[in-house]
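Have the sequence and the 3D view open as you read.

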Amino acid sequence: MKTRDIRVGVICGGSSPERAGSLASGEAASKALSSNGWNVSLLDLTELDISRLKDDIDVALLALHGLGGEDGKIQGALETLGIPYSGSGVMASAVGMHKPTFKKLITANSLDTPRWREVDRSISTVAIANSTGLTLGWPVFVKPASGGGSLEASIVQNEFALQQILESRDENDYDQYMVEEYIAGTPCTVGLLEVGGVLTPLPVLTIETDREFYDYTAKHDVQQRREQCPANLQPGMAFRLQQYAVRAHRMVGAHGVSRVDFLIAPNGRTAMLEINTVPGLSHQGNLATMARAAGIEYPQLVEHVLATAFTKPSYLP
């Protein structure tokens, strides 16, 4: 079958707080595939009639970010419809999206991650803040249990500030939060990409920013960050990070493409933060930057991601 005969639906948008980034990813990926001769439709999840999708496309490239797009829900719908789709299946997507579950898994497999606790809404914010100081110390990092882009994330310096933040976020977009040990260090990330059927670690990318931390603004404004890829790290560290990333990818049962984020502390500690099973596909995003460092230009990167839709095992949980 020729590429122009395969109807590709690039699914993006949706209603999560990360909608804007998803639209950017979808538009960039759609243009790249179109320029390479693919028959492409750019589809906003909020406007789709999922039940009729099989009449319109043969394969889906997922450019979704956040809730509803990375957490296994759209993956499950596409499985039910029998539409091949890029990236991981339902289980890996759900586990990767819910950070506490992912952290329990990697801790059980002896990988380092910042200490954490989930915020139990049945307990008073006063009690949560008090016990957090006793178990994690100060400062701490607060973020949604299922979310990305560092949205609604912040560094909290003391008990009173944590109590205020938890109370102010009752009505926001995310229902579940977690509190994490704060590690002052250099953010870095490792992309994994299936190339010719082989899962390939991309060069390590490190990021510096003058902002309080690598937040949503720094992630979406190239003027607010300084990147180095391949990263200038101590001998052996890049390889070790790549191997840790591969282990995490395989632990959750991910497929085809992922990105694993770390913090490198000044003492050499490498703490794993999370796995992203649907990495952003914008031209300036981390995955594209790491791919370029590996000699993979953007249109080729998008085709590699699309190809993962056709290399899944016959059954993928």
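## Before we start

This is a predicted model, where local features need pLDDT of at least 70, side-chain atom pairs count only at pLDDT 80 or more, and totals for chains, interfaces and linings use all residues. Residues are numbered from 1 along each chain as its sequence is written, and side-chain values use heavy atoms, with hydrogens and water left out.

A few words on naming. Helices (H or I, at least four residues) and strands (E, at least two) are DSSP runs, numbered from the N terminus.

## Two helix pairs

Two packed helices are described by the angle between their axes and the distance between the axes. The axes are lines fitted to C-alpha atoms, for helices over the stretch in contact, and the angles run from 0 to 180 degrees between N-to-C directions. Take helix α4 (residues 99-108) and helix α8 (residues 237-252): they pack at about 115 degrees, and their axes are 11 Å apart. That's why α4 and α8 count as roughly perpendicular to each other (under 35 degrees is roughly parallel, over 145 roughly antiparallel, 65 to 115 roughly perpendicular and the rest oblique). Who meets whom? On the α4 side we find Phe102, Leu105 and Ile106, and on the α8 side Ala248, Met251 and Val252, where contact means heavy atoms within 4.5 Å. Sorted by type, the residues of this α4 and α8 contact are six nonpolar, no polar and no charged. Here Ala, Val, Leu, Ile, Met, Phe, Trp, Tyr, Cys and Pro count as nonpolar, Asp, Glu, Lys and Arg as charged, and the others, Gly among them, as polar.

Now look at α1 and α10, which pack at about 100 degrees with their axes 9 Å apart. So α1 is roughly perpendicular to α10. From α1 come Ser25, Ala28, Ala29, Ala32 and Leu33, and they meet Tyr298, Pro299, Val302, Glu303 and Leu306 of α10. This α1 and α10 contact splits into eight nonpolar, one polar and one charged residue.

## An aromatic pair

Rings of Phe, Tyr and Trp (its six-membered ring) pair if their centres lie within 6.5 Å; planes under 30 degrees apart are stacked, over 60 edge-to-face and the rest tilted. By that rule, the count is one aromatic pair. Phe141 and Phe213 make it: the pair is edge-to-face, with 5.0 Å centre to centre and 90 degrees between the planes. Phe141 sits in strand β5 (residues 140-144) and Phe213 in the loop between β10 (205-208) and α7 (216-220), so the pair ties together parts that are 72 residues apart in sequence.

Are these two buried or exposed? Both Phe141 and Phe213 are buried. Buried means under 20% relative accessible area, exposed over 50% and partly exposed in between (1.4 Å probe, protein chains only).

## Buried parts of helices

In helix α3 (residues 90-97), the buried residues include Ala92, Ser93 and Val95. The buried residues of α3 pack against α2 (73-81), α4, α8 and β13 (270-276).

Helix α10 (residues 298-307) has buried residues too: Tyr298, Leu301, Val302, His304, Val305 and Leu306. Among the parts that cover them are β1 (7-12), α1 (19-35) and β3 (59-62).

Thr308 is buried, at 1% relative accessible area, and among the residues it touches are Tyr85, Glu194 and His255.

## Residues in loops

Pro139 is in the loop between α5 (125-136) and β5. The peptide bond from Trp138 to Pro139 is cis, with omega near -5 degrees. With a relative accessible area of 22%, Pro139 is partly exposed. Setting aside neighbours within four places in sequence, Pro139 is in contact with Ile155, Val156, Gln157 and Tyr182. The bond from Cys229 to Pro230 is cis as well, with omega near 0 degrees, and Pro230 is in the loop between β11 (226-228) and α8.

Ser110, in the loop between α4 and β4 (116-118), has phi near 65 degrees, a positive value in a residue other than glycine. Its relative accessibility is 67%, so Ser110 counts as exposed.

## A strand residue

At 0% relative accessibility, Ala60 counts as buried. Not counting residues up to four places away in sequence, Ala60 touches Gly9, Ile11, Leu78, Ile83, Pro84, Tyr85 and Ser86.
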